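Please look through the sequence and the model shown here before reading on.

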Amino acid sequence: MPPDPAAGAATREIVIEVLRYRSETDLKPLLQAFRVPFTDDMSVLQGLQYIKDHLDGSLSFRWSCRMAICGSCGMMIGAQPKLACMTFLRDYYPGPLTVEPLAHFPIERDLVVTVGGFVKKIESIYPYLIPKTQRSLDEGEYLQTPLQLARYETFSDCINCMLCYAACPQFGENPDFIGPGAMALLQRYNGDSRDGAQAMRMDLVHTDNGAWSCTAVGNCSEVCPKQVDPANAVNQNKTKSALDFFLRFLGRPLYWEHTASDGDKP
Amino acid sequence: MLAALIGPALVLLTGLAAPTGIGLTNNFMSFARAMAFAQHPLGKLILFIVIVLFIWHGAERIYLTLRDMHAGAKFSLMWICYMTAGVLTLITIGALATIGS
Amino acid sequence: MSRSRPYIRPVETLWWARSPYLAYTLREATGVAVLGYALVLLAGVVCLATGERAYDVWLDFLKSPWSLSLHVLFLIGMIAHTWTWFRILPKTMPRLVIGGRILPQIRITAGGVAVAAASFIFIVFVAVWTQP
């Protein structure tokens, strides 16, 4: 949609430099500059859409909800991992604003990165509730108090945008690191009072590619658009992994995630 | 954690206040007082814990930083940092044992 | 269909020196102050074990401008170490519940720094109180 002068301040122009890469013609990525007219209410995503609609239809990028909930439009904007739909062109005027694909991921095409590795990681952590004790249908639901919910709630807010992976230098160094997003999802289940599969997930945490690749840089939590705090998810599991290593002979339930007292009682 | 809680105070006292005589008398760490402290089993324990824990914590931080800086292969760096910490630990034990009681 | 040939960007070797990672690198570098001070103490213990003359050499070293400057750097490093330690400590703990509510992480940091300050004052007090 062309910018609507009625939407606010007069239309200005910003230079956006986009990293282009098409595997059928390019040997390596190159920046291409575009002049984009914009109004103060326009996001970087709308700027990219303007480029695609009016300047170069071959520009490829992922997007969907344009309201920071689907996690599709993560990219490097001004060398910082951000969601394009909630970053505004007015903050980068007059530019040039550099827009590149999300860091630490292979570039598939233009601003589209290969996400298969990340999907496999979140699949690998048993991302579903495995109850401690099964309840039959007539026993009713697995109940949970608001306080039990609060213990893991932020970890369930993750929108899989992968900004945390772009922010994490240890993931940049080691692409096999399970990473902040997968660990947040792991902790979402481990911290859920209805779940009983901590031991299964701990085997993933123990390894060098588990929690121990993390050096507590903390940048993942800084860039997260949903305040998930993945740094907390990874680092509390380092503590648990160390405790588990030393105390496993005593029997895991002694120090485990939550005691029986806040297990199934509402 | 230990370094975080007692580190600044120790540096101030033993490294600045006692040598300059500002805030503490000049013979705060005199040979006689130091020997009395180190010969006492509790004094030995404190010296051991402080020195050894500081060494291992410092070694770990330095190892991780050198690894971030690509200063060498991961295993070589690990060996160098932690072997050094191990050797220094043995020296500490040896020195404290020599002081006797 | 064209075959995909993903492009893998090389990792910048100096990432640790650039913002926002420089703050993290400086935090980790406070470990040098911790180790350095431990080495000074170790030297003192070794000199103590060797004998009075060796120990006096160590005491004289402590009085030198080199040592005093070094210890000023150690002190700055130790204070930075303490501050950054308690900033990161809440991240290593599961969500704590106090009085029926999740405890905010900033309170854990504030509590830790308060304990560290109290510990500092206590140690200095004990030292001044037990001096000859």
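Helices (H or I, at least four residues) and strands (E, at least two) are DSSP runs, numbered from the N terminus. On that basis chain A holds 9 helices and 7 strands. The model is predicted, and local features need pLDDT of at least 70, side-chain atom pairs count only at pLDDT 80 or more, while totals for chains, interfaces and linings use all residues. Residues are numbered from 1 along each chain as its sequence is written, and chains are lettered from A and ligands numbered from 1 in the order in which they are written.

Taken along the principal axes, the C-alpha atoms of chain A fill a box of roughly 65 × 40 × 30 Å.

Within chain A, 5 strands form an open sheet of mixed pairing in the order β2-β1-β5-β3-β4, where two strands pair if DSSP finds at least two bridges between them. At its edges lie β2 (30–38) and β4 (80–83) of chain A, each of which pairs on one side only. Strand β3 (residues 74–77) of chain A pairs with β4(A) in the antiparallel sense over 4 bridges, and Leu83(A) in β4(A) is the bridge partner of Gly74(A).

Chain A also meets chain C: 21 residues of chain C are in contact with 25 residues of chain A, two residues being in contact if their C-beta atoms, placed from the backbone, lie within 7 Å. The side of chain C that touches chain A has 13 nonpolar, 4 polar and 4 charged residues, where Ala, Val, Leu, Ile, Met, Phe, Trp, Tyr, Cys and Pro count as nonpolar, Asp, Glu, Lys and Arg as charged, and the others, Gly among them, as polar.
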